[in-house]
Amino acid sequence: MRDASDSTQGTSSRSGPGFNRRDFLKGSGAAVAASAVATAVEETVAQDKDKLPANVVPAKPVPVKLEINGKAHTVTVEPRVTLLDVLRNDLNLTGAKDVCTTTNCGACTVIIDGKPVLACARMAVECQGKKITTVEGLGDGKDVDDVVKCFVKHDATQCGYCTPGFVVATRAFLNSKPNATLEEIRKGLGGNLCRCGTYDGVAHAALECASKKGGK
Ligand code: FES
Ligand code: FES
């Protein structure tokens, strides 16, 4: 038996499951309205394009010169493109990982002028004239950085997604504090997250490097 809150024939219930005709029509109307607004905005932008103030630069691709791992690169990208996207999409340097894209995980860490930097939080155009090192730059095909060797020795990786960011962050940290203690290492690498929980392996890998004065 229906109770008073149920729909009667020809009218719809708001509380019941499913998608009724009235909701559908409302949704369609909203979609049409949204589309009309988008079109109007596009037309306004197109009309106003010639009226931009002199100090406003339209977002069109520009040549960007970057020095990465000792090599000069030039890419043509819009000013809004991040260093991380340029590395991964334009230069095929996929070591820096795109995990959160919101500066929370550290998986995209690179070294810029000696400091650890989140590549997802830097526009590529900002990085011109700076020395950029990615995880690919911590090896030359014959040998690898001691940090990498220590990560392998201490099994400091599981799925590996966070690992390049941790390796680069560790290298940058040990460059600034070669004799770091375990506690300092844990704090120093606190900006990098590992969803698999390899923190202990990472910390002990870094500690072994620190016992070699930061390694090289
Ligand atoms: S992808 Fe850059 S901090 Fe997570
Ligand atoms: S090893 Fe899987 S996220 Fe760190």
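Asp 113 counts as exposed, because 11 C-beta neighbours lie inside 10 Å; a residue is called exposed with 12 or fewer other C-beta atoms within 10 Å of its own, buried with 20 or more, and partly exposed in between, the C-beta atoms being placed from the backbone. The model is a predicted one, in which local features need pLDDT of at least 70 and side-chain atom pairs count only at pLDDT 80 or more, while totals for chains, interfaces and linings use all residues. Residues are numbered from 1 along each chain as its sequence is written, and chains are lettered from A and ligands numbered from 1 in the order in which they are written.

Asp 113 sits in the loop between strand E3 (109-112) and strand E4 (115-118). Helices (H or I, at least four residues) and strands (E, at least two) are DSSP runs, numbered from the N terminus. The phi of Asp 113 is positive, near 50°, in a residue other than glycine. For comparison, most residues other than glycine have a negative phi. E3 and E4 form a hairpin with 2 residues between them, and Asp 113 belongs to the turn. The two strands run antiparallel and are joined by 4 bridges, with Ile 111 standing opposite Pro 116 in E4. Strands are taken to pair if DSSP finds at least two bridges between them.

On its other pairing, E3 meets strand E5 (residues 131-133) in the antiparallel sense over 2 bridges. Here Ile 112 stands opposite Ile 132 in E5.

With 18 other C-beta atoms within 10 Å, Asn 69 is partly exposed. E2 is also included in what covers the buried residues of helix H2 (residues 83-90), and those buried residues are Leu 83, Leu 84, Asp 85, Val 86 and Leu 87. H2 is followed by Asn 92, whose phi is positive, near 60°.

Ala 172 is placed in H4 (residues 163-176) and is buried, with 22 other C-beta atoms within 10 Å. Leaving aside its neighbours within four places in sequence, Ala 172 is in contact with Ile 111, Lys 115 and Pro 116, contact being defined as C-beta atoms, placed from the backbone, within 7 Å. The C-alpha atoms of Ala 172 and Lys 115 are separated by 6.2 Å, although the two residues are 57 residues apart along the chain.

H4 also packs with helix H6 (residues 199-211): the axes come within 11 Å and cross at roughly 35°. The crossing is right-handed, meaning that the near helix is turned clockwise from the far one by less than a right angle. Phe 166, Thr 170 and Leu 174 in H4 meet Val 202, Ala 206, Cys 209 and Ala 210 in H6. By class, this contact has 6 nonpolar, 1 polar and no charged residues, where Ala, Val, Leu, Ile, Met, Phe, Trp, Tyr, Cys and Pro count as nonpolar, Asp, Glu, Lys and Arg as charged, and the others, Gly among them, as polar. An α-helix has 3.6 residues a turn, so residues three or four places apart point the same way.

Taken over the chain, there are 6 helices and 5 strands. From the N terminus on, the elements run α-β-β-α-β-β-β-α-α-α-α. Of the 216 residues, 32% count as buried. Among contacts between residues at least 6 apart in sequence, 57% join residues at least 24 apart.

Methods: Two residues are in contact if their C-beta atoms, placed from the backbone, lie within 7 Å. Axes are lines fitted to C-alpha atoms, for helices over the stretch in contact, and angles run from 0 to 180 degrees between N-to-C directions.
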